[in-house]
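Here are some exercises to work through with the model open beside you. Try each task before reading its solution.

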Amino acid sequence: MEAIKTEKLVKKYKDKTAVKGLDLTVHQGELYGLLGVNGAGKSTTIKMLSCLTQPTSGDAQVMGHSVVKASDQVKAIMNVSPQETAVAAKLSVRENLEFIARIYGSDKKEAKAKADKMLEDFSMQEIEKSRAATLSGGWQRRLSIAMALITDPEVLFLDEPTLGLDVLARRELWNFISGLKGRMTIILTTHYLEEAESLCDRIGIMSRGELRAEGTAEELKAKAGTDNFEEAFIKIAGEGVQK
Amino acid sequence: MRTLTFASRNTKEITRDLLTLIFGVAFPLVLLVLLSAINKSIPDGYGPTNFLIENLAPGITVFGLSFLSLFASMLIAKDRTTSFVLRLFTSPIRPAEFILGYTLPLLPMALVQSLVCYACALFFGLQLSANLLLAIVVNIPIAVVFIALGLLFGSVLSEKAVGGVCGALLTNLSAWFSNIWFDTSMVGGAFETVANILPFSHAVKAAQATVAGDYTAIFPDLWWVIAYAVVLTVAAVAVFAAKLKKN
């Protein structure tokens with residue numbers, strides 16, 4: 001089944017077209033990497049798919065719900081971990097988690113149980129009473145991702161989840177994201193190519209608002225005629241290899 | 001449920017900033033104490049009637065509520081600068097729930113502020129009566145006017161700009177046009193007309209009439225305030241919704 005299907009999705013900002021008639025399909029349970037250089041249109045695409053901004057034209061279905069006509073239904077079944085750490089600074093780690101669970105409809109008891117699980121999954125029990133503002137960048141990022149997962153979303157958008165993390169924290173997060181494979185549909189944007197190559201089932205490369213190529217990392221390398229993924233990316237994103 | 005959950009988060013954000021809380025309650029108190037002391041040193045019959053404690057105390061409670069605009073605008077404008085708001089915008093919370101969630105935590109603060117102010121005024125000769133409790137209730141729609149103004153400005157202006165607009169400009173304008181410090185009819189002309197159009201002087205008159213036990217005089221002015229409270233709250237929701245769509 002298709003978790004996400006965009007139909008000629010367009011986003012224009014005044015005289016600039018950020019996304020040009022995007023047709024993209026992501027299957028249920030898939031971990032899909034959306035790559036591109038800055039300004040390629042991937043963040044705008046994520047914004048439209050997560051109902052943060054409305055398409056200028058076209059539409060997208062998220063688990064069968066239109067982002068244009070049924071944004072309430074889309075919002076209820078997906079969650080986002082934004083690029084920058086998105087936590088309530090003056091709330092504790094536990095309060096942040098329970099707050100998100102409750103605005104997605106959990107009662108007090110359920111929110112507490114879900115927070116307990118997240119604290120355990122992300123090894124945050126020792127800091128559960130610490131205010132988010134006092135945590136290091138790595139812990140804040142971890143909390144931000146836990147806040148996206150606590151609602152058990154059917155579709156999860158991870159926007160640059162490992163940006164700014166040290167090597168160990170990044171690798172730990174990779175392992176966690178790998179563990180989510182199959183449980184939910186994940187759209188991952190990243191500038192770390194080895195992250196996409198290692199984690200993603202399929203990868204789409206965007207350039208100048210268009211999807212230039214998509215497939216597995218191996219398929220993309222074959223398409224670009226190289227056995228190095230970074231070179232493949234540069235070739236596709238830079239030269240605009242046709243899909 | 002979502003509104004109360006969001007309001008609970010905002011309550012924690014406000015109450016964990018002790019400096020704001022102390023400033024919000026203490027500043028009107030300092031003014032009340034200073035002006036009451038000045039008024040006491042003026043011989044009876046020579047001072048302005050505005051500074052008689054039965055007029056001054058309700059006026060200061062209304063003036064104190066103008067600081068809620070600053071708190072509300074700072075809260076919403078600060079949220080808008082963080083990625084946390086992106087998370088909220090992608091959640092099922094609706095614009096009206098956002099605005100209510102920002103409004104509700106500030107109402108208890110308004111009640112505490114008014115209660116403390118009237119309690120302090122008792123030491124300066126204000127008569128203790130049930131009217132004071134009623135006056136605290138009358139201050140609720142007045143508080144909503146100031147909160148909605150703050151949310152309206154906080155929805156469109158930056159965190160830095162709202163400090164100037166709500167902290168300096170609005171506080172001063174609401175004071176000048178309020179009849180607290182001087183009678184606007186003494187200035188007359190366009191100034192008095194503007195004062196009568198804006199909600200601030202009506203708010204003060206309603207509060208003063210309540211403290212005086214002049215019940216028939218409360219409502220013409222309070223209706224004016226309630227109408228402003230409704231219109232400004234609806235406007236805040238509409239502007240917030242528009243900002244959300246424009247994201």
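Helices (H or I, at least four residues) and strands (E, at least two) are DSSP runs, numbered from the N terminus. This is a predicted model, where local features need pLDDT of at least 70 and side-chain atom pairs count only at pLDDT 80 or more, while totals for chains, interfaces and linings use all residues. Residues are numbered from 1 along each chain as its sequence is written, chains are lettered from A and ligands numbered from 1 in the order in which they are written, and side-chain values use heavy atoms, with hydrogens and water left out.

**Exercise 1. Another bridge in chain A**

Task: Say where A:Lys8 and A:Asp23 sit in chain A, and whether A:Lys8 is buried or exposed.

Solution: 

Step 1. The search of the whole structure turns up 22 salt bridges over all chains. One of them joins the side chains of A:Lys8 and A:Asp23, with N and O 3.7 Å apart.

Step 2. A:Lys8 belongs to strand S1 (residues 2-13) of chain A, while A:Asp23 is in the loop between strand S2 (16-22) and strand S3 (25-27); the two are 15 residues apart.

Step 3. A:Lys8 has 57% relative accessibility, so it counts as exposed. A:Asp23 has 35%, so it counts as partly exposed.

**Exercise 2. Two chains, two make-ups**

Task: How many helices and strands are there in chain B, and what are they in chain A?

Solution: 

Step 1. Chain B has twelve helices and zero strands. Its radius of gyration (taken over C-alpha atoms; the globule rule is 2.2 Å times the number of residues to the power 0.38) is 18 Å, close to the 18 Å that the rule gives for 247 residues, so chain B is as compact as a globular protein of that length.

Step 2. Chain A comes to nine helices and eleven strands. At 243 residues, a compact globule would have a radius of gyration near 18 Å, and chain A agrees with 18 Å.

Step 3. Now for burial. Buried residues make up 56% of the 243 residues in chain A and 51% of the 247 in chain B.

Step 4. Finish with the surface (accessible areas come from the Shrake-Rupley method with a 1.4 Å probe; for residues, only the protein chains shown count as cover). Chain A has about 10600 Å², 47% of it from carbon and sulfur atoms. Chain B exposes about 10700 Å², with 73% from carbon and sulfur.

**Exercise 3. Around B:Tyr228**

Task: Find which residues B:Tyr228 contacts, leaving aside neighbours within four places in sequence.

Solution: 

Step 1. B:Tyr228 lies in helix H12 (residues 218-246) of chain B. Its relative accessibility is 24%, so it counts as partly exposed.

Step 2. Contact means heavy atoms within 4.5 Å. With those neighbours set aside, B:Tyr228 is in contact with B:Val145, B:Ile197, B:Leu198 and B:Pro199.

Step 3. Zoom in on B:Ile197: the side chain of B:Tyr228 reaches its backbone oxygen at 2.8 Å.

Conventions. Buried < 20%, exposed > 50% of the residue type's maximum accessible area, 1.4 Å probe, protein only. Salt bridge = Lys/Arg side-chain N within 4 Å of Asp/Glu carboxyl O. Polar contact = N/O pair within 3.5 Å; in protein donor to acceptor, adjacent residues only side chain to side chain.
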